[in-house]
Amino acid sequence: MAKKYAAAVDQGTTGTRFMVFDHAGQVVDWKYLEHEQIYPQAGWVEHNPMEIWARTQDVINLVLKNGKVDPKDIAAIGVTNQRETTIIWDKHTGKPYYNAIVWQCTRTKDICDELAKDGGQDRFRPKVGLPLATYFSGPKIKWILDNVEGVRKAAEKGDALFGNIDTWEIWWLTGGPKGGAHVTDVTNASRTMLMNLETLDWDDEILKILGIPRQMLPEIRPSSDPKIYGYTPKDGPFGTEIPVCGDLGDQQGAFVGQTCFSPGEAKNTYGTGCFMLLNTGTKPVPSKSGLLTTLGYKIGDQPAVYALEGSIAITGALVQWLRDNLGFYDFSKHIEDYARQVEDSGGVYFVPAFSGLFAPYWMSDARGVIVGLTRFINKYHICRAALEATAYQTREVLDAMEKDSGVKLAALKVDGGMVYNELLMQFQADILGVPVVRPTVAETTSLGAAYAAGLAVGFWNNLEDLRENWGVDKTWEPKMDAETRAKLYKGWLKAVERSMHWLE
């Protein structure tokens, strides 16, 4: 009997989602649960990996309990994930040696600074496409090996396994200690600072410099793999064997979900952070403007597709910060109502460099600033400035992208939670001067992972099938005149300068 669905586990920074899609790429059912954010000290961010796996099982169970989806009708499962977040665990018990160190965590600054003494911040960039920054997994692995007792010994013995969150989820989904698949895909591997962009394999020279035993690393596989990573066990949450064969880092998931399959096509995802990816074809393009050279996706035996990426650390997280830390409102969606109470930000700029500046600066010594305050300013202006910060940061990334690629963007495809904020989307179009396009399915991250899994088992035949599923929900046209745009953006760049080199 023909299968009806493809499914995705979407493990993000703040929570876990399980989504089921039909052949037309429409959502059949989904559930989402948050997990705890752990802040042991300033600049440190952790998650409890066991809580993440528990939440994953919970959301799967909630969807299956709903009765709309019979697990026997699921053709394949894909995984998409918060990238760079690092876990090391015991392969015999599944117990983590330490909490997951989250991508936003800045504890590895000293390691990165030490590595940069020989060859500078771009020491490994020619091989891996990334600068030395606290963002990536490699230095986080080194930190755990150096600081958590017994882990290095276990890694050298072959008892300790490393994985980003995709690897952790796939390992558990395919049986965990009872033979779970220890794999990652090219997109997640390209965020570790350990994978060579040309060979798509772990780089022995970098592993040696960082002191990371190769045997603890997962096998690197295609993002959509007809050879199948593994199957869900009968005694697992699905109660039946389903192939797990799709894996994409969350931003690459959205890239595939937005069907950015031709060179020059780009998307921007508005989540905890903001991430813009531009398809550069089957050859890596080195960046001279502070962007990352990364993998877009790899389907089976076909050549890998590369992308330029602009990574912004704090966008949606700023909305949460105003909610949780300052108590501005009870629900994140209320920021738009507040921001609409004023006509503009009153000259205020909010640079949310909470964990340093990411693209295009890569400065871990920057910190958040609010500038332009007067007695006139109220919380509505600050809410508006917080939303505008997302649009300004996106503009900086787009400018860098156009400089690197020589491609002028005609329109920006957008997705993620913040794209339902109409005020933000209009301001985004205004400050970019190009139309902003929201697709009918805005949860494109999960959709991309489901597409990767479905392609691997023939649920979808080819990329054209996926293109046909893509539809426009809404387009915002720019309404701002060029002079105002230039003046506002100049103010933003001045504010960013004020956030730099804050830490001594």
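## Helix α10 against helix α12

A crossing of two helices is right-handed if the near helix is turned clockwise from the far one by less than a right angle, and left-handed if anticlockwise. The crossing of α10 and α12 is right-handed. This is a predicted model, in which local features need pLDDT of at least 70 and side-chain atom pairs count only at pLDDT 80 or more, while totals for chains, interfaces and linings use all residues. Residues are numbered from 1 along each chain as its sequence is written, and side-chain values use heavy atoms, with hydrogens and water left out.

Helix α10 covers residues 316–324, and helix α12 covers residues 379–405. Helices (H or I, at least four residues) and strands (E, at least two) are DSSP runs, numbered from the N terminus. The axes of α10 and α12 are 8 Å apart and the packing angle is about 160°. Axes are lines fitted to C-alpha atoms, for helices over the stretch in contact, and angles run from 0 to 180 degrees between N-to-C directions. The two helices α10 and α12 are therefore roughly antiparallel to each other (over 145 degrees; under 35 is roughly parallel, 65 to 115 roughly perpendicular and the rest oblique).

Which residues of α10 and α12 meet? From α10 come Leu318, Val319 and Leu322, and from α12 come Ile382, Cys383, Ala386, Leu387 and Ala389; contact means heavy atoms within 4.5 Å. By class, this contact of α10 with α12 has eight nonpolar residues, no polar and no charged ones. Ala, Val, Leu, Ile, Met, Phe, Trp, Tyr, Cys and Pro count as nonpolar, Asp, Glu, Lys and Arg as charged, and the others, Gly among them, as polar.

## Helix α12 against helix α13

Helix α12 also packs with helix α13 (residues 422–432), at an angle of about 40° and with the axes 9 Å apart. That angle makes α12 oblique to α13. The crossing of α12 and α13 is right-handed.

On the α12 side, the residues that meet α13 are Arg384, Leu387, Glu388, Thr390, Ala391, Tyr392, Thr394, Arg395 and Leu398. On the α13 side, the partners are Leu423, Leu424, Phe427, Gln428, Ile431 and Leu432. By class, the contact of α12 with α13 has nine nonpolar, three polar and three charged residues. Leu387 of α12 takes part in the contact with α13 and in the contact with α10.

## Pockets

On a 1 Å grid over the protein atoms alone, a cavity is a set of points where a 1.4 Å probe fits but cannot get out, and a pocket is an open set with protein on both sides within 12 Å along at least five of seven lines; lining residues have an atom within 4 Å of a point. Points are joined across faces, edges and corners, and a volume is the space filled by probe spheres set on them.

The largest pocket has a volume of about 1,300 Å³. It is lined by 48 residues, of which Arg17, Tyr270, Gly271, Gly417 and Met418 are the closest to its centre. The elements β2 (15–21), β3 (27–34), α9 (250–257), β15 (266–270), α10, α11 (334–339) and α14 (444–456) each supply at least two residues of this lining. The largest share, five residues, comes from α10. The lining of the largest pocket divides into 17 nonpolar, 20 polar and 11 charged residues.

The second largest pocket holds about 590 Å³ of space. Among its 22 lining residues, Tyr39, Gln104, Ile314, Trp321 and Phe354 are the closest to the centre. Here too α10 gives the largest share of the lining, five residues. By class, the lining of the second largest pocket has seven nonpolar, 11 polar and four charged residues.

## Cavities

How many cavities of 30 Å³ or more are there? The count comes to five. The largest cavity holds about 100 Å³ of space. It is lined by 16 residues, and Ile312, Leu357, Phe358, Ala359 and Gln393 are the closest to its centre. At least two lining residues each come from β18 (305–312), α12 and α16 (482–499). The lining of the largest cavity divides into 12 nonpolar, three polar and one charged.

The second largest cavity holds about 60 Å³. Of its 13 lining residues, Gly257, Val441, Leu447, Asn469 and Trp470 lie nearest its centre. Two or more lining residues each come from α14 and α15 (463–469), and the largest share, three residues, is from α14. By class, this lining has six nonpolar, seven polar and no charged residues.

Ala359, which lies among the residues closest to the centre of the largest cavity, is joined to Pro360 by a cis peptide bond with omega of about -5°. Pro360 lies in the loop between β19 (349–351) and β20 (369–371).

Glu84 is a residue other than glycine with a positive phi, near 70°. Glu84 is found in the loop between β5 (74–81) and β6 (86–90).
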